[in-house]
Amino acid sequence: MSQNVHRAKRILLRSGKSPYDVVPVEEALHRDVIATNSGNLIFSDAAHKILETPGTEVVSNGIRTDVAAAGRINEQYDAFVVPLANAFRPSFEQQLQRLTRLIGKLRIPVVVLGVGAQAGLDYNPARLKPMEPTVREFVSAVLDHSASIGVRGEFTERYLKDMGFRDVEVIGCPSLFLYGKELAVHKRAPELTAASRIAVNGSHNAVRRQGLDRIIRRTHERYPHLRFIGQNLSDARQLHWRDLSDPNGRVTAMPTHPDHPMYQEGKARVYIDPVTWIDDLRGFDFSFGSRIHGNIAALLAGTPATVLCGDSRTLELCRYFEIPHRLIKGLPDDVDPARLYEEADFTGLVSGHHERFERFTAFLDRNGLQNTFTHGDGGAAFEKRLGSLDFPAGIRPWNDTDIASLTTRFGWLYSRVDELSKDNTNLKRELARAKSGATATAAPSASVYRRARRIVGRPIRRVIQSGRG
């Protein structure tokens with residue numbers, strides 16, 4: 001009998017980190033484990049939990065697409081699962097091309113969960129026309145390795161079918177299936193008052209260009225217990241380090257900016273781990289804003305939420321899951337969350353959830369993937385393991401001047417400087433050896449360049465090759 005008969009199935013999951021990885025805040029920001037947006041971890045953690053069964057091990061790939069690792073992936077894994085959000089957008093084209101090259105070299109199944117195309121609220125795909133060849137190549141490569149491709153909603157389904165693809169299934173986003181077919185969302189208070197705890201979220205684009213800044217300002221004036229929950233890496237770095245080096249640092253109307261009143265009052269957060277994010281939202285009465293996964297986090301916590309849609313990626317997902325939503329375009333500046341709360345109807349979201357869950361698990365079945373709710377313990381072991389871990393709390397605005405606060409931050413910085421100093425010393429030695437042993441056709445190895453680039457933060461290959469290093 002083959003020695004591999006009883007080997008557990010191993011799934012490589014595209015994600016920034018494993019749900020079980022407890023990463024200190026400084027390290028999480030340094031490594032960017034949220035892949036620039038903490039909303040990514042909401043759906044990747046959900047996918048991890050769903051796919052983890054007694055006979056299946058799920059391993060995070062750390063979000064990096066290493067085409068050269070294809071051989072190792074073929075040898076060590078039985079499937080590559082790729083949860084995606086709005087991947088069909090111009091700014092993601094290069095990453096999509098790298099993913100396509102990797103998939104083309106794989107011999108194992110590749111399953112895409114919930115990919116979406118990004119356009120305006122009118123669902124006009126014209127802006128995506130220049131990248132259509134890239135999308136075609138990606139979808140073709142995926143379908144060479146799977147029975148179908150799972151998309152977020154109606155717009156993406158039509159977009160791909162208009163290209164001629166037929167094996168396209170609308171499955172929404174895995175995030176809302178974190179607890180399987182169970183989803184309980186209800187209003188805990190008859191109405192919102194000044195004493196209500198309200199969470200608001202939004203992107204820099206919504207704040208800067210779509211009027212969300214005025215809505216946040218008016219809400220902040222009316223509701224003393226308002227909290228803004230950011231998601232970008234730049235938001236987190238502003239809160240923890242007061243780092244304004246990112247272009248987003250110019251958006252002073254963002255509550256994560258140190259000049260904003262909500263920052264100064266300690267009323268902003270960014271979460272590195274979905275478990276702490278969802279747990280904190282259990283104590284709120286309502287959530288609203290333009291971030292789809294910020295509001296999904298609230299719904300998973302059982303907290304009512306309304307999405308302010310500004311593009312197709314949020315709109316098609318809200319329509320599919322029947323999440324209460326309004327178009328941000330045309331909303332009055334004085335829109336009151338109490339009115340949004342009053343108008344929000346969660347009947348369709350809750351009553352239709354079971355059917356949507358069955359559709360999602362049927363998609364997994366067709367693509368050869370088991371799920372914990374049908375084939376395992378319903379995620380009990382997953383939740384128990386998470387409960388035993390001590391995750392960092394949400395990142396708060398850095399308004400502290402106490403020694404403990406300074407010691408933690410500067411202690412980490414000192415350790416990084418020491419590490420980089422040692423790396424720099426070792427690199428100089430390696431470069432000296434490379435130069436002394438170089439021939440007319442030889443050059444230092446690629447690993448030398450990678451390490452040098454990490455240390456000095458600039459393209460160093462040309463410097464070394466020109467002899468100015």
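These exercises work through a predicted model of one protein chain.

Residues are numbered from 1 along each chain as its sequence is written. In this predicted model, local features need pLDDT of at least 70, side-chain atom pairs count only at pLDDT 80 or more, and totals for chains, interfaces and linings use all residues; side-chain values use heavy atoms, without hydrogens and water.

**Exercise 1. Confidence**

Find the mean pLDDT of the chain, then examine the stretches where pLDDT is below 50.

*Solution.* 
- Start with the term: pLDDT is the predictor's confidence in each residue, from 0 to 100.
- The chain averages 90, and 87% of its residues reach 70 or more.
- Residues 439–445 have pLDDT below 50, with 5 contacts (heavy atoms within 4.5 Å) beyond near neighbours in sequence.
- Residues 451–469 also stay under 50; the model has 25 contacts for them beyond four places in sequence.

**Exercise 2. Lysine 17**

Locate lysine 17 and decide whether it is buried or exposed.

*Solution.* 
- Lysine 17 sits in the loop between strand 1 and helix 1 (25–31).
- Its relative accessible area is 3%. Buried means under 20%, exposed over 50%, partly exposed in between (1.4 Å probe, protein chains only). Lysine 17 is therefore buried.
- Beyond four places in sequence, its contacts include Asp45, Ser60 and Asp273.
- Its C-alpha atom is 7.4 Å from that of asparagine 61, which is 44 residues away along the chain.

**Exercise 3. A helix pair**

Describe how helix 6 (residues 154–161) and helix 13 (residues 312–321) cross.

*Solution.* 
- Axes are lines fitted to C-alpha atoms, for helices over the stretch in contact; angles run from 0 to 180 degrees between N-to-C directions.
- The two axes come within 7 Å and cross at roughly 110°.
- Helix 6 and helix 13 are therefore roughly perpendicular (65 to 115 degrees).
- Glu154, Phe155 and Thr156 of helix 6 make the contact with Ser312, Glu316 and Arg319 of helix 13.

Conventions. Helix = DSSP H or I, 4+ residues; strand = E, 2+ residues; numbered from the N terminus. Parallel < 35°, antiparallel > 145°, perpendicular 65-115°, else oblique.
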